[in-house]
Every structure is written in C-alpha cells, then in structure tokens.
Amino acid sequence: MAKLTEVGPNTVVLDPTCGSGSFLVQSMVMELNDVLKDPELTDDEKNKKMDSIKSNNMFGIELDEKVYGLATTNMLLHGDGNSNVKQGNCFELEDFIEKSHPDVILMNPPFNAIPSTVPNKYKRTNGNVSDASDEKIPKAWTHKDEPTKGLVFVKYLSDIAKKQNWNGTKLAVLVPYSTAIGTSDTLKQFKKSILNESTLEAVFSLPEGIFYPGSASSACCMLFTLNKPHFDHEGNPNHETFFCYCRDDGFKKRKNLGRVEQFNDKGESIWKKKEDSWLNAFFNKKEINRESIQTSVSAEDEWLCEAYMKTDYSKLNQEDFQKMLNDYLGYEIIHGES
C-alpha cells in the first residue's frame, strides 16, 4: 500500500487508525532508505533529511490506549518518529488531521467499529452531512457493529480533504469484502456520497486469510484520490477504475507461524515477483487475463475484480465445487447463521 501510493522521502503520511503503527513504520523505513540511497546528498544532508522525516512526515491516531502504547514503542524501535502519534478518537481530532495535511493516508479501520465512536451527523444523514441533522438515527446504526464496514472513515477524511481543498492526497484503505459487494441502503448511500467528492482509482482483492491467524476476514484494498469527484457534471464516471485479483500472493498459511513467504527453486521470493507485477499493471493500466481489468463503476456496482473478470470454466473441477461449499458452510457457522 505504501508503494501503491508512491511514498517517498518528501511524503507526509497519516494513519488515523494506526493500531500498532505498522503502516507508519513501513512508510518511515521506506523514506529513510530512499534518503540513504540518494547519491546526490552529503552525509550531513542525509542526517538532516532523516531527522526531518522522523519529526515531520509521520502522523498517527489510535483510539485504544494500550495499542497506542504499542504504536509509540514500535516507532521508537524503528528510529523514533513517534512525536506525531496521538491517542484518541480520530473523529474528535479533526484539527490534528487538518494540520498534518497528508500527501498519503494509509489505514486499516476496525471492521467491527463500535457505532458510538462515530459522530451522529454521519448516522443521521448516511454520509450526506449537508442534510438536516435532526433526523432520527437509522436502525442500521443501533446494531453492535457500524454498518458501513469502514466507509464512514473514508467519508470523514473525504470531507476534510474537500473542506481544506487538499490537492492530490491519496488514501489507501483496507476494508472487508462486504464493503465492496454489500447492497444495503447505508452502504450505497455512503458510496455515492464518497464518489461525489473523491475518485475510486483502484481496488485490489487480497488473499483469503490475509490476517491469519488473528482473523478469518477477507479484505480488499481500495485506493482513492481525495477532493477529486468520481463523476462529471452529468453524473458519469470521469474514468475507469482499475481492479486487480491478488488472491494468490505467494504466502502459505502455517499453524503457529501465520502466513509464511514462499520462494522458488532459485531462492527468489514469489511474493516479490507478484508484487512487482501487480504494481506494474496498476501504474501502466494493464489489463491481464484473469488478473486485472479496468471498468467504470458507480455506487450501485460491486467494487471487486471478481465481478468483472471472465471466468475460465475449463479449469473448474469437483474439488473447486467442494471447496466453495465448504467455504459457504464455514461462513454460515462463523456468522451464526447455520
């Protein structure tokens, strides 16, 4: 995600739901490495630039106090850079976000966020914050989990970008599959409201068990350009969205170890080759059979590659059918619907 958003030595990065700080650490390490490799800088210039990166380029927010402690420790262990990490609710730290004025936002908002942490204006208006704010809160917001599965965070940041007239800010966010394919009125309304302000540039379908062993959730990565409407004045998409099928990334699940990187006979990382291929396809807008495709989408459409790729039925067999049944039954058991 840091490479997708082209994080470099001059990039200001924000993670408003930073958890233990992984996105910030990765971004900071990338920026520091870029400086160290710059042949045009003297040692003194490199040191000054790296100090500036640590002090001025990384901004984070974490709600949970204990996890916030992990984030600051993580940043310290990787070269400081923790002075701009705040503990609190990102919805209550709008001034902090505005002052950070990020070039890139990377985030993995909680898939089961508690609705009480979300401002009522987003609940009452389903994202259309310019509407009247005295309406009743819809039933969808009275359940245990917030109904947008992360899109309310995107909407909040999209609103700030529009208000502050940010130019070119990229937002890469991890959200569950249900966010991309959900058909609830709340999801559709939030999608429409977001697209009125920001462009959906790309969606990457990520591997099953991406969070193994911590969670069984399937996720995708969405890339937005904030403060750049997805539609033209006639309501048509301004350009096509890039979709990529990244389900097989060269990692294997191993009990007690998590997801383990695999290598070919030459000792080369399978993941590295796949990552390079997917990034190359995105930046050059390549359509690859059964891997990537470009198409125009709206709030009514599914935001996943699987909805638009052509299926190669010749490769389907009995094992595929059985696996699909097992996955379906597993889903029903996990969600208490069996």
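Tutor: Before we start, contact here means heavy atoms within 4.5 Å. And keep in mind that this is a predicted model.

Student: Got it. Which residues does N84 touch, not counting residues up to four places away in sequence?

Tutor: With those left out, N84 touches S55, N56, M58, F59, G60 and F96.

Student: And what does the side chain of N84 reach at 2.7 Å?

Tutor: That would be the backbone oxygen of S55.

Student: Where is N84, and is N84 buried or exposed?

Tutor: N84 sits in the loop between α3 (65–77) and β3 (85–87). Its relative accessibility is 15%, so N84 counts as buried.

Student: Switching topic: how many residues are in the largest nonpolar core?

Tutor: There are 46 residues in that core, and L171, M222, F224 and W303 have the most contacts inside it. Helix α6 gives the most to this core, with eight residues. There's also a second, separate core of 34 residues, which includes M50, C244, W278 and L279.

Student: What is W303 in contact with, leaving aside its neighbours within four places in sequence?

Tutor: Among its contacts are M222 and F224, along with L195, L200, V203 and F243.

Student: Back to α6. Why call α6 largely enclosed by the rest of the structure?

Tutor: Because eleven of its 14 residues are buried. The buried ones include F153, Y156 and I160, but also K155 and D159.

Student: What span should α6 have at 1.5 Å a residue?

Tutor: The 14 residues of α6 (residues 151–164) should span 20 Å, and the end C-alpha atoms are 20 Å apart, which agrees. Just after α6, N165 takes a positive phi of about 55°.

Student: Now charges. How many salt bridges does a search of the whole structure find?

Tutor: It finds 17. In one of them, K170 meets E201 at 4.0 Å, N to O. That pair links distant parts of the chain, with K170 in strand β5 and E201 in strand β6, 31 residues apart.

Student: Are K170 and E201 buried or partly exposed?

Tutor: K170 counts as partly exposed at 27% relative accessibility, whereas E201 counts as buried at 11%.

Student: What about K272 and D276, where do they lie?

Tutor: Both lie in helix α9 (residues 270–283), four residues apart, about one turn of the helix. Salt bridges that share partners join K3, K272, E275 and D276 into one network. The K272 and D276 side chains meet at 3.4 Å, N to O.

Methods:
Residues numbered from 1 in each chain as written. Predicted model: local features only at pLDDT ≥ 70, side-chain atom pairs only at ≥ 80, totals over all residues. Heavy atoms only, no water. Helix = DSSP H or I, 4+ residues; strand = E, 2+ residues; numbered from the N terminus. Expected span 1.5 Å × (residues − 1). Buried < 20%, exposed > 50% of the residue type's maximum accessible area, 1.4 Å probe, protein only. Polar contact = N/O pair within 3.5 Å; in protein donor to acceptor, adjacent residues only side chain to side chain. Core = buried A, V, L, I, M, F, W, Y, C linked by side-chain atoms within 4.5 Å.
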